[in-house]
Amino acid sequence: MPQIIDLQKDTPTLKGVKMIVGDGLCSNIYVVGREKATIIDTGVGNRLNPVWPQLKELSIEPENVEKVVITHAHHDHAMGAFLILEKSKPKVYVHDKDSKYIASSLGESLVVVEEGDIIETELWPLEVIWTPGHTEGGMCLYARGPRILFSGDTAFPDGYFGRFDGETGSIEDLVESLRKLAKLKVDAMLSGHGVPVIRGAEDNIKLALRNAELYG
Ligand SMILES: [Zn+2]
């Protein structure tokens with residue numbers, strides 16, 4: 001069963017943020033708040049990553065799931081949303097450019113967002129930052145107050161960055177997106193795969209930019 005990490009243990013600004021660690025190729029799942037929780041990325045939604053048992057362990061019942069945000073429409077981030085929708089009725093936020101891949105399956109739950117949109121959560125507002133490169137409609141979510149960045153598959157720990165060889169990937173776009181992220185004040189970076197970066201994430205993003213520029 002996937003492991004759950006209470007991120008506030010090491011970082012007070014991450015109070016109320018929990019991480020369900022993605023097993024294998026599954027994305028990490030982040031849970032913001034509890035009574036009216038926002039779930040950022042949903043994992044692959046298979047037998048090894050069943051989502052609801054972990055949410056229940058966090059005392060989150062179907063009526064507590066208010067919003068789901070999918071950083072991009074790859075199946076390892078998005079398919080868990082359909083497990084969530086089996087029991088609950090959250091709105092599901094997807095960037096405009098990636099929404100066409102899952103719009104028909106999401107129906108009325110879908111909320112299409114774009115650069116600069118704000119997604120309110122129980123804890124703080126999340127700003128949508130459009131970061132194409134890994135996919136055309138990839139996005140990061142930025143909590144400006146506590147300086148937390150949910151970086152999806154755009155930036156990873158240790159200066160790694162997302163693959164750009166997918167169907168709608170582009171190294172030029174990815175470099176531009178990392179440039180955009182490198183201008184933000186970021187302490188904690190919570191990415192779609194890998195371990196959380198809980199402080200000094202700005203340096204991590206700048207390193208990812210420098211590394212990506214070598215390919216661009
Ligand atoms: Zn991906």
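These legends walk you through several close-up views of a predicted model.

**View 1. Helices α6 and α7 meet side by side.** Start with two helices: α6 covers residues 171-182 and α7 covers residues 201-213. Their axes come within 9 Å and cross at roughly 160°. An angle over 145 degrees counts as roughly antiparallel, and α6 and α7 are therefore roughly antiparallel to each other. The crossing of α6 past α7 is left-handed. On the α6 side, the contact is made by Leu-174, Val-175, Leu-178, Arg-179, Leu-181 and Ala-182. On the α7 side, look for Ile-205, Lys-206, Ala-208, Leu-209, Ala-212 and Glu-213. Sorted by class, the contact has nine nonpolar residues, three charged residues and no polar ones.

**View 2. Leu-178 and the largest nonpolar core.** Now zoom in on Leu-178, one of the residues through which α6 contacts α7. The largest nonpolar core has 62 residues, and Leu-178 is among those that touch the most other members. Tyr-30, Ile-70, Leu-141, Leu-149, Met-189 and Ile-205 belong to that group too. Which residues does Leu-178 contact, leaving aside its neighbours within four places in sequence? They are Thr-154, Ala-155, Phe-161, Ile-205, Ala-208, Leu-209 and Ala-212. Here is a general idea to keep in mind: in soluble globular proteins, nonpolar side chains tend to be buried together.

**View 3. Two loop residues with positive phi.** Find Arg-147 in the loop between strands β10 (139-143) and β11 (148-152). Its phi is near 60°, a positive value in a residue other than glycine. Then find Asp-158, in the loop between β11 and α6. Phi of Asp-158 is also near 60°, and again this is a positive value in a non-glycine residue. Is Asp-158 exposed or buried? Asp-158 has 11 other C-beta atoms within 10 Å, so it is exposed. Arg-147 has 17 other C-beta atoms within 10 Å and is therefore partly exposed.

View 4. Ile-129 is buried because 23 other C-beta atoms lie within 10 Å, and 20 or more is the cut-off for calling a residue buried. Beyond its neighbours within four places in sequence, Ile-129 is in contact with Glu-115, Met-139, Cys-140, Tyr-142 and Lys-180. Val-113 is 16 residues away from Ile-129 along the chain, and 9.9 Å separates their C-alpha atoms.

**View 5. Ala-37 and its contacts from elsewhere in the chain.** Here you can pick out Ala-37 in strand β4, residues 37-40. Is Ala-37 buried or exposed? Ala-37 counts as buried because it has 25 C-beta neighbours inside 10 Å. Not counting residues up to four places away in sequence, Ala-37 touches Val-31, Val-32, Ile-60, Asn-64, Val-65, Glu-66 and Glu-122.

**View 6. Leu-106 in helix α5.** The last stop is Leu-106, found in α5, a helix of residues 103-106. Why is Leu-106 called buried? Leu-106 has 20 other C-beta atoms within 10 Å, and a residue is buried if that number is 20 or more. Val-92 lies 14 residues from Leu-106 along the chain, and their C-alpha atoms are 7.7 Å apart.

Technical notes. Residues are numbered from 1 along each chain as its sequence is written. This is a predicted model: local features need pLDDT of at least 70, side-chain atom pairs count only at pLDDT 80 or more; totals for chains, interfaces and linings use all residues. Axes are lines fitted to C-alpha atoms, for helices over the stretch in contact, and angles run from 0 to 180 degrees between N-to-C directions. Helices (H or I, at least four residues) and strands (E, at least two) are DSSP runs, numbered from the N terminus. Angles under 35 degrees count as roughly parallel, over 145 as roughly antiparallel, 65 to 115 as roughly perpendicular and the rest as oblique. A crossing is left-handed if the near helix is turned anticlockwise from the far one by less than a right angle, and right-handed if clockwise. Two residues are in contact if their C-beta atoms, placed from the backbone, lie within 7 Å. Ala, Val, Leu, Ile, Met, Phe, Trp, Tyr, Cys and Pro count as nonpolar, Asp, Glu, Lys and Arg as charged, and the others, Gly among them, as polar. A nonpolar core is a set of buried Ala, Val, Leu, Ile, Met, Phe, Trp, Tyr and Cys residues joined through C-beta atoms within 7 Å. A residue is buried if 20 or more other C-beta atoms lie within 10 Å of its own, exposed if 12 or fewer, and partly exposed in between; C-beta atoms are placed from the backbone.
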